[in-house]
Amino acid sequence: MNKLTLVAPPDKSISHRALLFNAFSGGTAKIANLLLSYDTLATIDCIQKLGCRVSLNGDTCSILGIKKFWSGTTLDCKNSGTTMRLLIGLLSGIRGCDCVLTGDESLSSRPMKRVVDPLVSRGADIVSTNDYAPITVFGQNLKDFKYTLPIASAQVKSAILLSGLRASGDTTVIQPIPSRDHTEIMLKAMGADILIKGEKILLNPSILSSLSFCISGDISSASFWMVLAAIKPNCEITINNVNINPTRAGILDVFDQVGVEYSLGNIKSDIEKVADISVKYTKYLKPFVIDSTLIPRLIDEIPILSLLACFCQGQSLINDCSELRVKESDRIASIVECLSALGANIEQKQDSLTISQSDLHGDATVQSYGDHRIALTMEIANLILGNIKVVARECIGVSYPQFFADLEKYREIYK
């Protein structure tokens, strides 16, 4: 059996936070292995316009945090929802820093109400365009605040916590269902007065210290190769340096349900735990069920897991996934359209997908819908089935700019 070894691209979520939090710390930091994608470059542009000094040497980023915030500027978040939502939270609590946040057509169609409403209820002065971008933030001295998340959303949770860094009182967020916790981990590592106890997160006003570190690999990007290895005969792939934070590693739970043969090696911890993940072709795959407790831990992996479901011997269910309707595309509709074009037995409801084992075929042209996760899923389908043309696949650069270089490595091994 031929074996391919790849290095996971840097984690996108952590890259955004490393840039934003260090910019707002006012100190000097060096971030190694930064993801340089369309989205993170948008974040760099925004913090520079706020007064942060940034220099790049390859994938190492040196940051001199903001000493004085530049007000009255327009921040173009491009296609990055993380950039916009976290900046809304950060800027809302900085008195005198008034900014307009804009984005491209896709970002301007994504809802911001879920972030704006709780911030306004704690005293933020935010003006939106019918709950969408452009959004104007007038920084204020914010009061203490307690909020229970109605949905499991790391971006909403993060925006609320970040708004409390300079508040006059404490901030309490209650999350009935946990979501990814990169914000809490990084804030604590940067000296924030934050306490996590069960469902409750308590943050007291804090001054952040700068943090230099090396960013670990992105399990969401690694997942495409992991699924390929599981369903492509005679295939074995190892992806090195993958972040296996439990709030992100839900795909491993699905692999356990399905019976995928995988192993974790070279496990180590820095700020977060990382490992090398090896996956082998597994002939008999059982169907799986994903519900509300698992969704937050693998929301970005749903498109590629939908492809996996087509190779499982039975009917797989993906429930409670309505959040996919408001991503870069309506991902439920997008994945149904794409997989149906390949012959998949797949059905959608407003918040769920039902997928049965399917006899898929290539020889199809599919749209990416400008969505990097959809484009990547279809590129993996092409490696399995052949003769699939993915239209507008350049959007892959949003999260995985090295994908096509890795694709050539794959083709060298599996000619």
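**Helix α9.** I listed the buried residues of α9 and got Ile302, Pro303, Ile304, Leu305, Ser306, Leu307, Leu308 and Ala309. The model I am working from is a predicted one. I then checked how much of the helix that covers: eight of the eight residues of α9 (residues 302-309) are buried, so the rest of the structure largely encloses this helix.

**The four-stranded sheet.** I looked up the strand order next. The open sheet has four strands, arranged β17-β18-β20-β19, and the pairing is mixed. Which strands stand at the edges? I found β17 (289-290) and β19 (345-349) there; each has a single partner strand, so one side of each is left without a neighbour in the sheet.

I followed β19 to strand β20 (residues 352-356), with which β19 pairs in the antiparallel sense over five bridges. In this part of the sheet I noted that asparagine 345 stands opposite serine 356 in β20. I also looked for a helix against these strands. Helix α10 (residues 331-341) lies across β19 and β20, and runs at about 160 degrees to β19.

**Threonine 43.** Last, I went to threonine 43, which I located in helix α2 (residues 38-49).

I then asked what surrounds threonine 43. Leaving out residues up to four places away in sequence, I recorded that threonine 43 touches His16, Leu19, Leu20 and Thr83. With histidine 16 I also found a polar contact, made side chain to side chain with threonine 43 at 2.8 Å.

Definitions and conventions. Residues are numbered from 1 along each chain as its sequence is written. This is a predicted model: local features need pLDDT of at least 70, side-chain atom pairs count only at pLDDT 80 or more; totals for chains, interfaces and linings use all residues. Side-chain values use heavy atoms; hydrogens and water are left out. Helices (H or I, at least four residues) and strands (E, at least two) are DSSP runs, numbered from the N terminus. A polar contact is a pair of N or O atoms within 3.5 Å; within protein, one must be able to donate a hydrogen and the other to accept it, and residues adjacent in sequence count only if both atoms are side-chain atoms. Contact means heavy atoms within 4.5 Å. Two strands pair if DSSP finds at least two bridges between them. Axes are lines fitted to C-alpha atoms, for helices over the stretch in contact, and angles run from 0 to 180 degrees between N-to-C directions. Buried means under 20% relative accessible area, exposed over 50%, partly exposed in between (1.4 Å probe, protein chains only).
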